[in-house]
Amino acid sequence: MICTIFGATAFAQKAGSGSDQIASFAAPIDNFPTEGEFFGLPVNVHGQTTYINQRYNNFTSSYSGENSMSSQKSMSYTWSGTLFFGARLAQNTDIYFNPEVVSGVPFSDLSGLGGFSNGEATKANGAQAKFYSARAFLRQTFNQEGNKVLLENEANQITQTVSSNRVVFTAGQFSTLDIFDDSRYAKDPRIQFMNWGNMTYLAYDYAATARAWRVSGASAIG
């Protein structure tokens, strides 16, 4: 199994307010600014790209059905790239937009495995690259009493000082896992464990489309 992950300025995707997420997994390029101002508004931009290649040789199968994994030698790959744009419209009001491109060919048309070996394969729709909006949402923070916490510049998080006790409203297009069932160690096959079973609980499939979207509003208390 070969997994190659690389990026110019690549960061873990932030969930909710982003204060408890894992640190960046690739150092930024020296002297390459990722945060600044545009027409007087604080903005930031980050990016990531991931290539995963998996192969297996022929194996003996005593039973093979319509939804079984092929026993013939196979190769699977996925490639994805994401840009993370953010802007602060007001002191505690941010908007974020993540255009994404993905291509890939899964093993056996995504059948034959209970926990699929590459969670990125669920997004892919063939070898031809597809462009789409991965996320487009607004985040409103209402600070309450508590200690001050600095949220540093990251993907989907412009540098911000917030209260440790706060209410955060998120509305728009985002993943359920950005807010709920969040894990510091396993939920994103681009930078963590690749198996589909590590993205959420294997006992059920979380409410989302093939690309993990959920268009709605949500609230969270930090």
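Residues are numbered from 1 along each chain as its sequence is written, and side-chain values use heavy atoms, with hydrogens and water left out. Because the model is predicted, local features need pLDDT of at least 70 and side-chain atom pairs count only at pLDDT 80 or more, whereas totals for chains, interfaces and linings use all residues.

Strands (E, DSSP runs of at least two residues, numbered from the N terminus) are taken as paired if DSSP finds at least two bridges between them. Strand E3 (residues 41-56) runs antiparallel to strand E4 (residues 74-90), the two being joined by 14 bridges, and within this pair Gly47 has Leu83 in E4 as its bridge partner. E4 also pairs with E5 in the antiparallel sense over 11 bridges, with Phe85 bridged to Phe97 in E5, and a hairpin of two residues connects E4 to E5.

Phe116 is in contact (heavy atoms within 4.5 Å) with residues including Pro106, Leu110, Met194 and Trp196, when residues up to four places away in sequence are not counted.

Ser108, in the loop between strand E5 (93-105) and strand E6 (126-143), has a positive phi of about 45 degrees although it is not a glycine. Asn156, likewise not a glycine, has a positive phi of about 60 degrees and is found in the loop between strand E7 (148-151) and strand E8 (160-163).

How values were computed:
Helix = DSSP H or I, 4+ residues; strand = E, 2+ residues; numbered from the N terminus.
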